[in-house]
Structure formats: structure tokens, C-alpha cells
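Subject: Structure handover

Hi,

Here is the structure I promised to pass on.

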Amino acid sequence: GLLDETLAMALLDADCAEMHFAVPWVLTWFAHSLPRLHQQVMRLFDCLLCSHPAAILYFVAALLIQHRDVILQAPREMPE
């Protein structure tokens, strides 16, 4: 079964079932949006680079679960 079926259904309803497109977005978002956290971002990059290629997917899954309540309250439509 799914770890969080409610969250999975919310992502499916928002047409976000295939999240592989978000991997580059996550990496560039951290690099460009958090300049004050440069050391933490570099540690994250180091961790992801020396880990299994799927590590970024686990990281993104952890972010989704951490922000579950916000995601569930958000509109289910992707902006154009």
C-alpha cells in the first residue's frame, strides 16, 4: 500500500502523479532560492551526489510528507 494514501490521492487529483519532472526543479530551487543557506544546500548536494541515484526521490518524498497539511489544503489545479 501507499505510505500516505490521502496525500497520494491529492497529488493524483492535481495531475502530479508523475513527479520525476520535479527532480531538477528541487535542485535548482535550493541552489537559487536559499543563498543564505549556502552551507546547508552544499551539504544536501554532497549527500545527494554521493548517495544512490534514487536518494533525491526519497528526499522529495520526505518534503512532501513534511508539508502534507499545506499540500492537502492547496487547490488541486496546476497553474498554467
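A quick definition before anything else: a residue is called buried when its relative accessible area is under 20%, exposed when it is over 50%, and partly exposed in between. Keep in mind too that this is a predicted model.

With those cut-offs, A74 counts as partly exposed, because its relative accessibility is 31%. A74 sits in the segment after α5.

Now the charged side chains. The model has 2 salt bridges. In one of them R68 pairs with D4, with 2.4 Å between the closest N and O atoms. R68 belongs to helix α5 (residues 68–73) and D4 to the segment before α1 (5–13), so this pair ties together parts of the chain that are 64 residues apart in sequence.

D4 has another contact worth a look. At the start of α1, one of its side-chain oxygens comes to within 3.3 Å of the backbone nitrogen of T6.

On to α1 itself. Which of its residues are buried? They are L7, A10 and L11. Viewed down the helix axis, these buried residues fall within an arc of 95°, so they line one face of α1. As a reminder, an α-helix has 3.6 residues a turn, so residues three or four places apart point the same way. The buried residues of α1 pack against α4 and α5, whereas E5 and D13, on the other side of the helix, are exposed. Just after α1, D15 has a positive phi of about 60°.

Finally, the nonpolar core. The largest one has 16 residues, and L11, I56 and L64 have the most contacts inside it. At least two core residues come from each of α1, α2 (22–33), α3 (38–49) and α4 (55–66). If you leave out neighbours within four places in sequence, I56 is in contact with V23, V26, L27 and L48. In soluble globular proteins, nonpolar side chains tend to be buried together.

Cheers

Key. Residues are numbered from 1 along each chain as its sequence is written. This is a predicted model: local features need pLDDT of at least 70, side-chain atom pairs count only at pLDDT 80 or more; totals for chains, interfaces and linings use all residues. Side-chain values use heavy atoms; hydrogens and water are left out. A salt bridge is a side-chain nitrogen of Lys or Arg within 4 Å of a carboxyl oxygen of Asp or Glu. Helices (H or I, at least four residues) and strands (E, at least two) are DSSP runs, numbered from the N terminus. Buried means under 20% relative accessible area, exposed over 50%, partly exposed in between (1.4 Å probe, protein chains only). A nonpolar core is a set of buried Ala, Val, Leu, Ile, Met, Phe, Trp, Tyr and Cys residues joined through side-chain atoms within 4.5 Å. Contact means heavy atoms within 4.5 Å. The arc is that of the directions from the helix axis to the C-beta atoms. A polar contact is a pair of N or O atoms within 3.5 Å; within protein, one must be able to donate a hydrogen and the other to accept it, and residues adjacent in sequence count only if both atoms are side-chain atoms.
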